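Notebook open, structure about to go up on the screen. I'm jotting things down as I look them up.

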Amino acid sequence: MSHEDVLRVKLEVLRREHRDLDDAIDALQQAVNPDQLTLRRLKKQKLALKDEISRIEDELTPDIIA
């Protein structure tokens, strides 16, 4: 498996985790009395995943010099 293949697999896993966190955040926000600390932690974790996804996408996308 090439380095690029490994990155693509990792990217898909991170995207799935990001979607799962989004669902968890939505479910928690629908609660009668949502735990704000947990919400903040989940949102922070989701943001970190988004940053990692962006980093990997940048690495996979070749730079085009115009």
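This is a predicted model: local features need pLDDT of at least 70, side-chain atom pairs count only at pLDDT 80 or more; totals for chains, interfaces and linings use all residues.

First entry: is Val6 buried, partly exposed or exposed? I looked it up, and Val6 counts as partly exposed, at 42% relative accessibility. My cut-offs are under 20% relative accessible area for buried, over 50% for exposed, and partly exposed in between, using a 1.4 Å probe and protein chains only.

Residues are numbered from 1 along each chain as its sequence is written, and side-chain values use heavy atoms, with hydrogens and water left out.

Back to Val6, which lies in helix H1. Helices here are DSSP runs of H or I with at least four residues, numbered from the N terminus. I also found Val6 in a nonpolar surface patch with Met1, Val9 and Val13, and together they have about 380 Å² of accessible area. The areas come from the Shrake-Rupley method with a 1.4 Å probe, and for residues only the protein chains shown count as cover. To join such a patch, a residue needs over 30% relative accessible area and no salt bridge, and nonpolar side chains (Val, Leu, Ile, Met, Phe, Trp, Tyr) are joined within 5 Å, while like charges are joined within 9 Å.

Next entry: salt bridges. I count one when a side-chain nitrogen of Lys or Arg is within 4 Å of a carboxyl oxygen of Asp or Glu. Searching the whole structure gave me seven.

One of them joins Lys10 and Glu52, at 3.9 Å from N to O. Lys10 is in helix H1 (residues 3-30) and Glu52 in helix H2 (residues 36-60), so this pair ties together parts 42 residues apart in sequence. Lys10 is partly exposed at 40%, and Glu52 is partly exposed at 24%.

I then looked at Asp22 and Lys46, whose side chains meet in a salt bridge at 2.7 Å, N to O. Asp22 belongs to helix H1 and Lys46 to helix H2, so this pair ties together parts 24 residues apart in sequence. Asp22 is partly exposed too, at 29%.

Last pair: Arg55 and Glu59, with their closest N and O atoms 3.2 Å apart. They sit four residues apart in helix H2, so about one helical turn separates them. Arg55 is partly exposed at 41%, and Glu59 at 42%.

Note on methods:
Helices (H or I, at least four residues) and strands (E, at least two) are DSSP runs, numbered from the N terminus.
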